[in-house]
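Biologist: Before we start, please put the structure on the screen. I would like to ask about it piece by piece.

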Amino acid sequence: MDRRTFLTYNAAAAAIPLSNMALSGLANAATAAARPTPIDFKSNLPAIGSFPDKWICGSSSCMDNIDPPVQVHWYNTHTAILRQNKAYSYEAPFAPLYFGNDRVLLLDEGFVQLRNDWDLRGVVDQCINEWCARNGRDPASLELLVAFSHLHADHYAATNQFADRPNTRYMGLTHEEMVGFWGMTNFPEERVTLDLGGRDILIWGSPGHVVSEFAYYDSYTQILYTGDMFYRGRCYISFWQPWFDSMKRLIDFCDTHPVTHVMGCHVEISRKDEDYAYGMTWQPDEAPVEMTVQQLREAYAHAQKITEPGIYFTGTVFLCNQTRGTTTIDKNPYRYS
Amino acid sequence: MAQSSTYNPALSGNPQSATGRAYPNGNPDLGYNPVGVRNTDSAIPLRRKSAVVHDYACDGPAPGNLAFRWTYGSNVAAKNRDPRVQVVQYNEDSFVLRQNVCVHWEAPFTYLLFGNKGALLIDSGATADAQHYPLRETVDAIITRWAQARGRSKVPLTIALTSGEDIAQNQGLVQFAGRPDTTIVPKPIEVMKRFYGLGKSWPAGTGKIDLGDRVIEVIPTPGTHKDGVSFYDPYCDFLFTGDLLFPGKINIGNDGDFIASLERLKAFAASRPVKWILGGHVEMMFVPGKYYPRFATFKPYERVLEMTPALIDEAIRYAREVQGKDMMLIRPDFALFNGVSPDQRTQVWPDGVPNINPPRPF
């Protein structure tokens, strides 16, 4: 039995708990009766939504931070975007939560591991409960998929908080498990469709920052989630050619599909294009997380001219081409001659 | 050769450390009445009519130790509940204050020294907001208590900075604005030089701050900052070097000045007894040559604060190696950054230094 059959088999087994065919017919009927009208995720696209004017972005003194550990922003009624508090981790990644009729997809889990330090699980459960209450669903009927954009700890650290959650599947921490989780056999070119229940998420490989990275496109809000390979800050490019090819793949996708926003996992830049150095826990004038397709195209155009390792500013993001040792843009302010 | 940078409990002065002392139960050969006794206070009430006049003349360094571990932040900075200002009393007349790492990642050290005629606060922390970093409140409380013990109603306070321009050390100054009986050493470099009487001789010569039988010497030490100074306390035999020399990432502002200042410091230290050099921060870990990144709010494996005077020689030697070059250089007890970004990394590891990976906190 290959992995895909195995997954389908499990799903079928969950839907029909009894092997007796006569009873299963009854069970199906009962589920259908209890089941509310499915939400239509396929018309009037793109679904309107909004980003906050300003995200919560840390405080001058970390121990005096009284903001919520996770900021929950409802982009629209069926899409939440979570962000880790800067005083809980300087990485403060963003994490979209996409709701479908059958499944919920959580992308990225922040940079704190333990639930008693940072209760991501509780926040996600609460979001699911809220959404279910609004839409007349039973939270237990929804499957939660806990996935991440790429294989870095600031994106998967809290995965274990979901280990004992019923009706939940989470991505494994190897390249094989990640690619297999989305049933891909030809990474990174292959584009697969994840059906959340009427809401399609398109997923394909996006290596370059790390090998194991995906791009996620939500066909409902038409947000393109580019992980850490392209975000508003310092895009650390570990492998130039794979990254450039991934950019090309994103551009090709934008040529053929409508995209409302391009969204990365972090923000490390101010509205005035100043760099917030690696590790900062307060970004008072933070730039918005969402970018336009135009900004992506400009970055790609800029990248076409890059031949050497170094730090390049595209007008939107810093492309840190193979600069793992010198990723800081600021200088010692006290230099004098 | 500089000290081994591994943790040496004998140097920590921690009396709780059984391994740190050759004589865990005391050394009878030293006699029952060591000279340091007269530099400590009696608990026997004296029914005195006038203020205590303390004897700061001392054979060797005044007795004292840094007997507590520094607070080091927490994994989740928002949940840190350590004191905002950690106060460690070195001896009855010398206090070391540290800012909480989760209030400001620089976690600077601030020193409060007392003499018969007044007190001196060296540096003022990295946060201006008294709600977040109640430096003034803490200093006032220490002074009040000390004044009660010594029977003094007034303790004039002088506030001096190891560098007026360093925002990791000058932010707390505003909290002392309008404080009675307080002299703040002026910040502009020319006025500061004149205040210390160094207007003509800078960077040669030394200035003085007289605390009453405890005369703190001021040594011009530009190099990391244009207006850098170091302080020498002849009572505890400490050199307070601020940003110039500390166990951390030393960002050199001007390498010529840096070496000249270290050499001046070396000559100075050769003419006076120096027990420890106390810098303004700790950024190194307790394994040699490893340090915390900028902005870290959790530093559980910090090196101790105190450095031996032999480190001046080591600093001079390796400062010469980086002179005129844009490079960084790792040593067991500090790292030099000359003309490179403060986050510069290097693959070059110093010869003969064990490369130990400390546990990664998560």
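Modeller: This is a predicted model. Start with B:R179, which has a relative accessible area of 12%. Buried means under 20%, so B:R179 counts as buried.

Biologist: Which residue's side chain does B:R179 meet in a salt bridge?

Modeller: The N to O distance of this salt bridge is 2.8 Å. The limit for a salt bridge is 4 Å. The partner of B:R179 is B:D140.

Biologist: How many residues apart in sequence are the parts that this pair ties together?

Modeller: B:R179 lies in the loop between β5 and β6 of chain B. B:D140 lies in helix α2 of chain B, residues 135-150. The pair therefore ties together parts whose separation in sequence is 39 residues.

Biologist: Is B:D140 buried or partly exposed?

Modeller: The relative accessibility of B:D140 is 21%. Buried requires under 20%, and exposed requires over 50%. B:D140 therefore counts as partly exposed.

Biologist: Now chain A. Which parts of chain A hold A:E286 and A:R83?

Modeller: The side chains of A:E286 and A:R83 meet in a salt bridge, at 2.8 Å from N to O. The two parts that this pair ties together are 203 residues apart in sequence. They are the loop between β12 and β13 for A:E286, and strand β2 for A:R83.

Biologist: Are A:E286 and A:R83 buried or exposed?

Modeller: A:E286 has 3% relative accessibility. A:R83 has a relative accessible area of 1%. The cut-off for buried is under 20%, so A:E286 counts as buried, and A:R83 is also buried.

Biologist: A:K272 and A:D285 meet in a salt bridge too. What is the relative accessible area of A:K272?

Modeller: The N to O distance between the side chains of A:K272 and A:D285 is 3.4 Å. A:D285 is partly exposed, at 23%. A:K272 is exposed, with a relative accessible area of 60%.

Biologist: How many salt bridges does a search of the whole structure find?

Modeller: Some salt bridges share partners, and these join A:R121, A:D125, A:D164 and A:R165 into one network. Between chain A and chain B the count is 2. Over all chains, the number of salt bridges found is 35.

Biologist: Which residue of chain B meets A:D330 in a salt bridge?

Modeller: This pair joins two side chains, with 3.0 Å from N to O. The partner of A:D330 is B:R294.

Biologist: What area is buried between chain A and chain B?

Modeller: The contact takes 31 residues from chain A and 39 residues from chain B. In chain A, the residues that lose the most area to chain B are A:M63, A:Y334 and A:Y336, together 31% of what that side buries. Carbon and sulfur atoms give 51% of the buried area between the two chains, which is about 2,900 Å².

Biologist: Last, helix α4 of chain B. How far apart are its end C-alpha atoms?

Modeller: The helix has 17 residues, 255-271. The expected span counts 1.5 Å times one less than the number of residues, so α4 of chain B should span 24 Å. This agrees with the distance between its end C-alpha atoms, 25 Å.

Biologist: Which residues of α4(B) are buried?

Modeller: What covers them includes β8, β9, β10, β11, α5 and β15 of chain B. The buried residues are B:D255, B:F258, B:I259, B:S261, B:L262, B:L265, B:F268 and B:A269.

Methods:
Residues numbered from 1 in each chain as written. Chains lettered and ligands numbered in written order. Predicted model: local features only at pLDDT ≥ 70, side-chain atom pairs only at ≥ 80, totals over all residues. Heavy atoms only, no water. Helix = DSSP H or I, 4+ residues; strand = E, 2+ residues; numbered from the N terminus. Buried < 20%, exposed > 50% of the residue type's maximum accessible area, 1.4 Å probe, protein only. Contact = heavy atoms within 4.5 Å. Buried area = accessible area lost by both parts, 1.4 Å probe.
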